[in-house]
Amino acid sequence: MKPVIPEVTAAVVEAPVIVVVAEPQSHRLLADLMILTKARLTLLVLMTTAFGFGFGSSHGMDWFLFFRVMFGTAFVAASASVLNQFIERKVDRLMGRTKDRPLPAGRMAPGTALGLGVLLAVAGLIYLVNRVSPLCAGLAAATLMIYVALYTPLKRKSAWCVTIGAISGAIPPVIGWAAATGSLGRGAWILFGILFFWQMPHFLSLAWMYRDEYAQAGFSMLRRRDIAGIKAATESLLCAAALAVVTLLPVFFGMAHAIYAPAALACDGWLLTCAVLFMSHRSRASARRLFLASILYLPLVMALLVVCRR
């Protein structure tokens, strides 16, 4: 029963009671681990590894081998992301899109992240050596070292970091090819070229969209004095053109059926159009259009190549 307060004539409005429900600790930890291992980037690495394995499996898929190479590669890819965030934990506080990551936000100790990154790397590489092949383990180790030891520190020194990062990102499909075929060959280099040239417009358009945040954090993702974005747009267009050439090499070398060529050309024409529009306008909207087009382009071309392989 409410107490009666005498001599009060004005209406009393009770303030709403706000109940804050704490997020379960296990859910928060799982979310942080997904952020720390960059789940979407790891998924992209696995997708391109699967692409390489599928393209190299011209005589049928060895599914047990496929799952083994995917498992080991996932560990190494996740470790690269964890170690990258460990190194960049201080500068991540300076950018709006990264300041809430577990390390800059203080939800995880740096030592814990470092230990997790090293553990994932060691476990993944040992697994690949023993359950897949030393060649695949060596390629995975090269990817890890380039990404962590070269690309990560170079981001604060030179725009060449984008090229170095593209080299690292182009190796996973080669891992898949090597697992399926047991060696490196012409197909491995074609896969490397497709991923390398694809990454350039993909990352340069992203760097242009977030150029102010990158600059605030001290990252050199774009060429110096490229205020108007002419160099970024030019490189994007040139690499998109080179990508169109590389995607047709499987037909030229008899590694894919002729039906693949017109489908691949349609995808290449679409990406080139977006690159030309970025070159013409150099706005956030045109950069975003190119970035989104690159996201859709890669799985389409990969699926076409695997389906149409000889």
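**Exercise 1.** Find how many cavities of 30 Å³ or more a search of the whole structure gives, and say how much space lies in the largest cavity.

*Solution.* Start with the term: on a 1 Å grid over the protein atoms alone, a cavity is a set of points where a 1.4 Å probe fits but cannot get out. Grid points are joined across faces, edges and corners, and a volume is the space filled by probe spheres set on the points. The search finds one cavity of 30 Å³ or more. The largest cavity holds about 60 Å³ of space.

A word on the model: it is predicted, with local features needing pLDDT of at least 70 and side-chain atom pairs pLDDT 80 or more, while totals for chains, interfaces and linings use all residues. Residues are numbered from 1 along each chain as its sequence is written, and side-chain values use heavy atoms, without hydrogens and water.

**Exercise 2.** Work out which helix gives the most to the lining of the largest cavity.

*Solution.* Lining residues have an atom within 4 Å of a cavity point; among them are Ala159, Met200 and Glu235. Next, recall that helices are DSSP runs (H or I, at least four residues), numbered from the N terminus. Helix 6 (161-169), helix 8 (186-209) and helix 10 (230-252) each supply at least two lining residues. Helix 10 gives the most, with three residues.

**Exercise 3.** Decide what share of the protein's residues is buried.

*Solution.* Buried means under 20% relative accessible area, using a 1.4 Å probe and protein chains only. The protein they belong to has 12 helices and zero strands (strands being DSSP runs of E, at least two residues).

Notes:
On a 1 Å grid over the protein atoms alone, a cavity is a set of points where a 1.4 Å probe fits but cannot get out, and a pocket is an open set with protein on both sides within 12 Å along at least five of seven lines; lining residues have an atom within 4 Å of a point. Buried means under 20% relative accessible area, exposed over 50%, partly exposed in between (1.4 Å probe, protein chains only).
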